[in-house]
Amino acid sequence: AIQPGERFTPNDFAVEKKDVTFATDGIPTESEITAAVAARVIGAEQIVGRSMLRREQALKMGQSVKIVTGEDGWQISIDGIAQQSGYIGDMVRVKVPRTQKVLSGLLQEKGVVEVQ
């Protein structure tokens, strides 16, 4: 069983074909499941619906972040400050304290924003 607030790992669930004809809830994708936390207790062998999941806030306004950019084989990073809160996969604004420039980037994981 998964407890409320607990993150899912790939070992916690399996994708199977089941009859969901009368289901009233949407079925999340694997990436949606691994990026979320449980909103309530989810029992073993229970079909997971979107309403059972809650997105976990990965960034809060004012938090220190690592701003990264790069391609295959190289990467540049600099420290920054979040200008808004966000969830993984969101576009967020970050400020570079040294230059006072505000950039927008994709929130990759907790505390890491990728600018392209």
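Biologist: Why is arginine 7 called partly exposed?

Modeller: Arginine 7 has a relative accessible area of 35%. Buried means under 20% and exposed over 50%, with partly exposed in between (1.4 Å probe, protein chains only), so arginine 7 is partly exposed.

Biologist: Where do these values come from?

Modeller: This is a predicted model, in which local features need pLDDT of at least 70 and side-chain atom pairs count only at pLDDT 80 or more, while totals for chains, interfaces and linings use all residues. Residues are numbered from 1 along each chain as its sequence is written, and side-chain values use heavy atoms, leaving out hydrogens and water.

Biologist: What makes glutamate 56 and arginine 7 a salt bridge?

Modeller: Their closest N and O atoms are 2.3 Å apart. A salt bridge needs a side-chain nitrogen of Lys or Arg within 4 Å of a carboxyl oxygen of Asp or Glu, so the pair qualifies.

Biologist: What makes glutamate 16 and lysine 18 a salt bridge?

Modeller: The N to O distance is 3.6 Å, which also meets that cut-off. Glutamate 16, at 48% relative accessibility, is partly exposed, and lysine 18, at 45%, is partly exposed too.

Biologist: How do you know that glutamate 32 and arginine 50 link distant parts of the chain?

Modeller: The two residues are 18 residues apart, glutamate 32 in helix H1 and arginine 50 in the loop between strand S1 (36-38) and S2. Helices (H or I, at least four residues) and strands (E, at least two) are DSSP runs, numbered from the N terminus. The closest N and O atoms of this salt bridge are 3.1 Å apart.
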